[in-house]
Amino acid sequence: MEDEVDRLVAAWRRERPDLDVEPLEVLSRVSRLARHLDRARRTAFAEHGLEPWEFDVLTALRRAGSPYQLSPGQLLTQTLVTSGTMTNRIDRLTGKGLVKRLPDPDDRRGVLVRLTDDGRDRADQALAGLLAHERALLAELSAGQQGELAGLLRQLVAPFDNVPG
């Protein structure tokens, strides 16, 4: 079975036989897959009335466990956005009634962001929908193949995720 990357690699081998284009065999597929997954995830979230960024913030709070709250700084770390972006996101989610701001009992100047019941329900429903979509996307792979692929991707991603700072 041929895919678009096979055609791209063949063209580069024809046009630049002096270059080893083998990395494209893997990384171009990863890049294309990321774009396809982004589209699929947007669809899954839209079915629950959420944008991808909303899902990211709500599920970060949901994973925190009861009482489902984090500081804005903790949310920054988990979602990899700037503080200005996070402030805007918290404002928008507060306006939708999905989160609320509370004073931080350990820091008079600080706040905590907590999921509302509606936010928790929305996060749970969107996660279940996402997992159903993603199970379907992986259906062509056996459980063993999925485990092997997860391990190989972990090897590629871990150095990026474990960079200090």
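This briefing walks through some features of the structure shown above. The model is a predicted one. A UniProt record (an unreviewed entry) places the feature "domain: HTH marR-type" at residues 23–158. That span is 69% helix and 12% strand, and its end C-alpha atoms lie 18 Å apart.

**A nonpolar patch on the surface**

- Which residues form the nonpolar patch on the surface? They are Val26, Leu27, Val30, Leu149, Leu153, Leu156 and Val157, and together they have about 540 Å² of accessible area.
- Two helices, α2 (22–46) and α7 (143–161), each give two or more residues to this nonpolar patch.
- Helix α7 gives the most, with 4 residues.
- Leu156 counts as partly exposed because its relative accessibility is 43%, which lies between the limits of 20% for buried and 50% for exposed.

**A buried glutamate**

- Is Glu54 buried or exposed? With a relative accessible area of 2%, Glu54 is buried.
- You can find Glu54 in helix α3, which covers residues 52–63.
- A polar atom of the Glu54 side chain lies 2.6 Å from the backbone nitrogen of Glu51.
- Leaving aside residues up to four places away in sequence, Glu54 touches Gly49, Leu93 and Lys96.

- As background, most peptide bonds are trans, and most residues other than glycine have a negative phi.
- The peptide bond that runs from Ser66 to Pro67 is cis, and its omega is near 10°. Pro67 sits in the loop between α3 and β1 (69–70).
- Tyr68 is not a glycine, yet it has a positive phi of about 60°. Tyr68 also lies in the loop between α3 and β1.
- Leu80 is another residue other than glycine with a positive phi, in this case near 60°. Look for Leu80 in the loop between α4 (72–79) and α5 (83–95).
- How do Tyr68 and Leu80 stand in terms of cover? Tyr68 counts as buried at 17% relative accessibility, whereas Leu80 counts as exposed at 75%.

**Salt bridges**

- How many salt bridges are there? The count comes to 14.
- One of them joins Arg16 and Asp18, whose closest N and O atoms are 2.6 Å apart. Arg16 is partly exposed at 34% relative accessibility, while Asp18 is exposed at 55%.
- Another joins Arg29 and Glu25, with 3.2 Å between the closest N and O atoms. Arg29 and Glu25 both belong to helix α2, where they are 4 residues apart, or about one turn of the helix.
- Arg29 is partly exposed, with a relative accessible area of 27%, and Glu25 is partly exposed too, at 24%.
- Glu25 and Arg29 also take part in a network of salt bridges, in which they are linked with Asp3, Asp6 and Arg13.
- A further salt bridge pairs Glu134 with Arg41, and here the closest N and O atoms are 2.6 Å apart.
- Arg41 counts as partly exposed, at 35% relative accessibility.

- Ser142 has its place in the loop between α6 and α7.
- Ser142 is partly exposed, with a relative accessible area of 37%.
- How far apart are Ser142 and Glu4 in sequence and in space? They are 138 residues apart in sequence and 23 Å apart in space, taken from C-alpha to C-alpha.

Key:
Residues are numbered from 1 along each chain as its sequence is written. This is a predicted model: local features need pLDDT of at least 70, side-chain atom pairs count only at pLDDT 80 or more; totals for chains, interfaces and linings use all residues. Side-chain values use heavy atoms; hydrogens and water are left out. UniProt positions are given in the numbering used here, feature names are shortened, and annotations may be inferred rather than shown by experiment. Patches are made of residues with over 30% relative accessible area and no salt bridge: like charges are joined within 9 Å, nonpolar side chains (Val, Leu, Ile, Met, Phe, Trp, Tyr) within 5 Å. Accessible areas come from the Shrake-Rupley method with a 1.4 Å probe; for residues, only the protein chains shown count as cover. A salt bridge is a side-chain nitrogen of Lys or Arg within 4 Å of a carboxyl oxygen of Asp or Glu. Buried means under 20% relative accessible area, exposed over 50%, partly exposed in between (1.4 Å probe, protein chains only). A polar contact is a pair of N or O atoms within 3.5 Å; within protein, one must be able to donate a hydrogen and the other to accept it, and residues adjacent in sequence count only if both atoms are side-chain atoms. Contact means heavy atoms within 4.5 Å.
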